[in-house]
Amino acid sequence: MINCFIFQDGSRRYKERKKTVSFSSMPTEKKISSASDCINSMVDGSELRKVRSNSRVYHRYFLLDADMQSFRWEPSKKESDKAKIDVKSIKEVRTGKNTDTFRTNGNSDQISEDCAFSIIYGENYESLDLVANSADVANIWVTGLSSQDNMRASWLGDLFDEADVIGGKCIRLCSAVQLIKKLSPGLKNVKIELKFKELHKAKDKIGSDVTKEEFIEVFHDLCTRPEIYFLLVQFSSNKEFLDTKDLMIFLEAEQGMAKVSEDISVEIIQKYEPSKEGQLKGWLSLDGFTNYLMSADCHIFDPEQKIVCQDMNQPLSHYYINSSHNTYLIEDQFRGPSDITGYIRALKMGCRSVELDVWDGPDNEPVIYTGHTMTSHIVFRSVIDVINKYAFVASEFPLILCLENHCSLKQQKVMFQHLKKILGDKIHPDPPNLEDNYLPSPSDIKGKILVKGKKLASNCTGSEGEVTDEDEGAEMSQQMNNEGGEQQTVVQPKKFQLSKDLSDLVTLCKSVFASRCATDHPGEFVNYNKKFLARVYPSPMRIDSSNMNPQDFWKCGCQIVAMNYQTPGLMMDLNIGWFRQNGNCGYVLRPAIMREQVSYFSANTKDSVPGVSPQLLHIKIISGQNFPKPKGSGAKGDVVDPYVYVEIHGIPADCAEQRTKTVHQNGDNPIFDESFEFQINLPELAMVRFVVLDDDYIGDEFIAQYTIPFECIQPGFRHIPLQSLTGEVLPHAWLFVHVAITNRRGGGKPHKRGLSVRKGKKGREYATMRILLIKAVDEVFKSAAQPLREATDLRENMQKPFPFKELCGLSAVANLKQCILALSPRLVGPDSSPLLLFNLRNQYPTMEAQVNGQMLITCPFLPCSQMIQTSRTLLESSDSVYERILQVQKSAMEFHEKLHDMAMKEGLKGRKLHKSVESFTWNITILKVITAETLNGRLTPVKNSSPI
């Protein structure tokens, strides 16, 4: 038998309740953004309640002496020299109601855990137990009194001694500035220097040399991030550092890390802890914790997505393909210059489809440019040389050359010679076999180049033949003339001669009007794209080379959405962010609902997707670091007034945005501390964009942005590396956020999801089958009603007996691990004896209460017992439900091939026939998803109850 509050190593840990990280209720003029702000607030003083064990509570005014050597309270019956505590005598600052005084005070239940804290001081470890009027005030005192970090002082002292080469116990101001700049690169030199000068002025000091104490004080003021300090306080057992056990709990409970061990904690400490003492003792100080949270290990982007991690053996039509339009242009598409650097840039960014608009050039050398415009020319041969060199630098998967051929037969022969001589065997000349249902997979043709263009009919036997010329440049030229008031003329598609040699190199030739299909027939277009490739490009009328929204076409399954890479902005942010996943290889597997032969999906849905569990995204924007001023902000100066937009891009049902408040005149370390929640109905197609803007701008408000696919987001406390308008990473500019992802019912991916607020039984939404008006098929789907209902009940009931969040006072996104850690102090009695025991000898654990009466009522016996029983029911019942739903799915699929004939026999035609087929795919989609959820749901109780 194992005590439920004993950890794996057998050590007994009484984990106190987590403090709330928030300054949100502080008045604007008193916002706290550094440890020095906390000290200043303590010097001003606060009214606190002093708690005694005899149930008495005294209202006193506490303040820190200006010399910061002691703090005192008034009024007091004690002499003034006794109504104070020497700061140096403080042993510990303990958060929450975690002393004997609080436990035995008769009014303890009326005291908020977030407002309570205790000061342990003196040789006899006496406690001064205090209650603040708000959690914010308590945080200020805890931070200020705990800010004497001995490990930090020792580490900084060593660095100072190394810089003090002559042993004069002081260093030059410029050296001190550079040393702090090295430790915190995001700080501006002028700000560091100003801080030293302010300190010297306050001390009436003559001269600019810096002492060790001054160096440590300035570092402390400029480099302490209070939001990270409060986070350390939550998980530290001593409030000064995290030991290996503390760090393990943080990694597993907050960061969602699987298979956490003490060795992993030690590895992190050795990598990020700057002090020698911390490295030797296995302690992670505030500075080490800050280093870790700002490292790549804690970036918001899932590192698993930094390499190719998706199935690359599906047909080409099952992937989104990173595509460029007018790749040769580096400015607008009417007057801009053409340059080979356009191809180099696109290929280095992982682009897998580039465009070559080829025309006759001088000296029998074909050239590339936009026809009928004023764009400059580049030689075709030099472009092919560049493509040969850079085609597979960023990705090994196939590259598509979209060849817009406008050349004469003579220069077509030159094109063919250059392609064969330069690219050689890299060209994949074999067109798809007409007998095959699907195109080859990216893995099948790694390192190959596919040519897309015009192709002669297979029965053509001559050396050339006739095809239709579709001239994008002529269309744009016509539009420009019409807008200029010239007589309107209609450019008819013309025929031109195509060389058979060049035609034979073409692999992809089918063309559809993707834009019109996506708008007028989104459902049919999704089905078309399950087998065939579709390419869409910006309208020729976009003479400024602006981009369309790629999401409008991705949601319809369109694989190749060509973008003007030379035009930055929201649309390119979405494209770059989207293809950052799957190792930035240029191929992203489309959602399963868009690939499966029998599935229902409407691209323009404004509601939840059938059979897909909506996800809830909880985002807290905590703070920012080192925001630059907008590039086009004119002569405003360096001060910005930042605020943050969180945008969701995806299907219409998912599109939403929220913004934080404005933090005035602080771009260095603004504290936002605001939370948002979004429902994501199709997670596989959703993207999240963080945008930082200036609220008091001149000319330009844009500061920075970062765009990430929803499926690539890591939960927990994360730093977001911000990027400029053109996609470059801004040095040292960050957003600090907390992310939790749950589903509407509560469960979710293991290690990456928490619990959420869920509906009562009366409000449950049960999946239903649509009527086809085909009797035999409807009878089969009708038999799914009861198992579908049972599957929903199993999932909902699994979440119902989880009142742990309410018991611990944790938020709706807390996970089971966090709840049990918060409850653990309540699972032991006053004499440290266990109130509950888990018996783990049998297949299912049982709980044995060790006490009776009122003490049993106050401990979480009943909800824990309910959790075990409901988990058991789920595990024992889900197999049967799964098999019954799966059998209905198999029986229904037997009608798939003959569904059309059966509908005709029932007299269904036209719109009714279409509706019947649509209802069939809807029902199959529901059955597939519920089957998968039921199977995966069996693992939820087991995964969520990992040893603690």
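E214 is buried, at a relative accessible area of 3%. That places E214 under the 20% limit for burial. The model is predicted.

The partner of E214 is K205: their side chains form a salt bridge, with 2.9 Å from N to O. K205 counts as partly exposed because its relative accessibility is 29%.

## Salt bridges overall

How many salt bridges does a search of the whole structure find? The count is 24. The pair K205 and E214 is one example. Two further pairs follow, then a network.

## K281 and E277

K281 and E277 also form a salt bridge. Their closest N and O atoms are 3.2 Å apart. Both residues belong to helix α11, which covers residues 276-281. They sit four residues apart there, so about one helical turn separates them.

## R770 and E918

The side chains of R770 and E918 form another salt bridge, at 3.6 Å from N to O. R770 lies in the loop between β32 (729-743) and α23 (775-782), while E918 is in helix α30, so this pair ties together parts that are 148 residues apart in sequence. R770 is partly exposed, and its relative accessible area is 25%.

Salt bridges with shared partners also occur: D65, R72 and E74 are joined into one network in this way.

## T921 in helix α30

The backbone oxygen of E918 lies 2.7 Å from a polar atom in the side chain of T921. T921 itself lies in helix α30, which spans residues 910-937. E918 is in helix α30 as well.

Why does T921 count as buried? Its relative accessibility is 15%, and buried means under 20%. Which residues does T921 contact once neighbours within four places in sequence are left aside? They are V598, S599 and Y600.

## Summary of the E918 region

T921, in turn, is in contact with V598, S599 and Y600.

Terms used: Residues numbered from 1 in each chain as written. Predicted model: local features only at pLDDT ≥ 70, side-chain atom pairs only at ≥ 80, totals over all residues. Heavy atoms only, no water. Helix = DSSP H or I, 4+ residues; strand = E, 2+ residues; numbered from the N terminus. Buried < 20%, exposed > 50% of the residue type's maximum accessible area, 1.4 Å probe, protein only. Polar contact = N/O pair within 3.5 Å; in protein donor to acceptor, adjacent residues only side chain to side chain. Contact = heavy atoms within 4.5 Å. Salt bridge = Lys/Arg side-chain N within 4 Å of Asp/Glu carboxyl O.
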